[in-house]
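Colleague: Please walk me through how to read the features of this model, one at a time.

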Amino acid sequence: METVAVDLGEKSYPIYIGEGILSDLTVLLSKADKWLVITDENVDHLYSEQLAKALGELPYKKLTLVPGESSKSFQTVERIIGAMVEARLTRHSAVIAFGGGVIGDLAGFCSSIYMRGISYVQIPTTLLAQVDSSVGGKTGVNVQAGKNMAGTFYQPQVVIIDTALLETLPIRELTAGLGEVIKYGIIYDYELLNFIEHHFSDFYTCSFTPLNELIRRCCEIKADVVAKDECENGLRKILNFGHTLGHAIETLTGYRRYLHGEAVLIGMYYETLLAQKMGLISEEYGQKINTLISRTGLSMDISDIPADDIARQMTADKKNSDGVISFILPTGQGQVAEYTLTSEQALAFVYEL
Ligand code: ADP
Ligand code: ZN
């Protein structure tokens, strides 16, 4: 088992990584008088026995939600808070988020508001959640007006990453997770990019030696960025590489065509071309990135989405204001910088896609 520390002063916490570590759960958890496990039906179906065994004698209740993004609503928040009251959770109790990003975001949000905040533990079960959403303390709920429009910064007590849980993950979800993984290589760590290139097929076969190393390195990067900028005032913005265009196409296709990580892969592909056109990176480096992205087998064809709509949607993003659009773009090996384009410039870019 490996440990990565998230250094946030009094809010610091460890991330434990290893295959099969769920069985050591009682050792890895801090003390609490009661636990509420929040999970979804798919994860519960696959792992309820394993989890029950891992929890052993600990006093716990379980709430199982419908899988998918539609559960990330205030209606579900109401239901979870109700279950917390019913389970008689106190300030000495803790929540266990056992699932993908949806479960982690919801459980984190509810933990941050129940009795003005109780402890929670992340046990992420998707690659995306293991390398991205379970680390850093962003919680979120969707509202009519947009995704993640309500949320808090609220750090977990511990993150427990059992990589063996990925063996049952559908290939498409794995590819989506690789989107955020490749992102770390581009924004922060050129050696990681080479490592991903080298071990690409090993991740799909869940070969644990490279997979554990991959996840550890991604968590280290996320932990480092979050430690330096917990509340996204500066450095943390680099995590948005690929997300400017990615968010736009996700929204314009009604969140039905792409998983988040797939949209990020497409976003990174075109934003890399933009960086190349702007002369920020060499053609050779741009090609290296885009060849790696293409190895996922995901189609980069978005020609049926009108360019006008993409430009308008990027301008409307909550991270942009005053008609200018912020892009994080690669500028060299393991390096990125923020550039702002006017909507006219962005439109020109989109038309050339
Ligand atoms: P993400 O982590 O990508 O944000 P979700 O929380 O929506 O996404 O999870 C994606 C899907 O994968 C859901 O249908 C969820 O039930 C399923 N899932 C989560 N973990 C596993 C796993 N270890 N094995 C199989 N399916 C899983
Ligand atoms: Zn993302």
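**Loops, helices and a metal site**

Modeller: Let's start with Glu232, which sits in the loop between H8 and H9. Such labels come from DSSP runs numbered from the N terminus: helices (H or I) have at least four residues and strands (E) at least two. This is a predicted model, in which local features need pLDDT of at least 70 and side-chain atom pairs count only at pLDDT 80 or more, while totals for chains, interfaces and linings use all residues. Residues are numbered from 1 along each chain as its sequence is written, chains are lettered from A and ligands numbered from 1 in the order in which they are written, and side-chain values use heavy atoms, with hydrogens and water left out.

Colleague: What is the phi of Glu232?

Modeller: Glu232 has a positive phi of about 55 degrees, although this residue is not a glycine. Cys206 is another non-glycine residue with a positive value, near 50 degrees, and belongs to the loop between H7 and helix H8 (208-228). Gly254, which follows H9, has a positive phi near 65 degrees.

Colleague: Is Glu232 buried or exposed?

Modeller: Buried means under 20% relative accessible area, exposed over 50%, and partly exposed in between (1.4 Å probe, protein chains only). Glu232, at 18%, is buried, and Cys206 is buried at 11%.

Colleague: Now the metal. Which residues coordinate the zinc ion (ligand 2)?

Modeller: A donor is an N, O or S atom within 2.8 Å of the metal (3.2 Å for Na, K and Ca), and water is not among the atoms, so sites may look incomplete. Here the zinc ion (ligand 2) is coordinated by Glu180 (OE), His243 (NE2) and His260 (NE2), at 2.0 to 2.1 Å. Along the sequence these donor residues follow the spacing E-x62-H-x16-H. Glu180 in helix H6 and His243 in helix H9 (residues 243-252) are 63 residues apart, so this pair links distant parts of the chain. Glu180 is buried, with a relative accessible area of 0%, and His243 is buried too, at 7%.

Colleague: How should I read the packing of two helices?

Modeller: Two packed helices are described by the angle between their axes and the distance between the axes. The axes are lines fitted to C-alpha atoms, for helices over the stretch in contact, and angles run from 0 to 180 degrees between N-to-C directions. For H6 (residues 171-188) and H7 (residues 190-204), the axes come within 8 Å and cross at roughly 165 degrees. Angles under 35 degrees count as roughly parallel, over 145 as roughly antiparallel, 65 to 115 as roughly perpendicular and the rest as oblique. H6 and H7 are therefore roughly antiparallel.

Colleague: Which residues of H6 and H7 meet?

Modeller: Contact means heavy atoms within 4.5 Å. In H6 the residues include Leu174, Leu178, Val181 and Tyr188, and those they meet in H7 include Leu193, Ile196, Phe200 and Tyr204. The residues of this contact divide into 15 nonpolar, two polar and no charged. Here Ala, Val, Leu, Ile, Met, Phe, Trp, Tyr, Cys and Pro count as nonpolar, Asp, Glu, Lys and Arg as charged, and the others, Gly among them, as polar.

Colleague: At what angle do H9 and helix H10 pack?

Modeller: H9 and H10 (residues 260-277) pack at about 130 degrees, with their axes 7 Å apart, and are therefore oblique to each other. The contact of H9 with H10 divides into six nonpolar, six polar and two charged residues. His243 and His247 are among the H9 residues taking part, and His260 and Tyr270 are among those of H10.

Colleague: How many residues of H9 are buried?

Modeller: Seven of its ten residues are buried, so H9 is mostly covered. Leu245, Ala248 and Ile249 are among the buried ones. Their cover includes strand E8 (146-150), H6, H10, helix H12 (307-316) and strand E10 (324-332).

Colleague: What does His247 touch, not counting residues up to four places away in sequence?

Modeller: His247 touches His260 and Asp317 on that count. His247 is partly exposed, at 23% relative accessibility.
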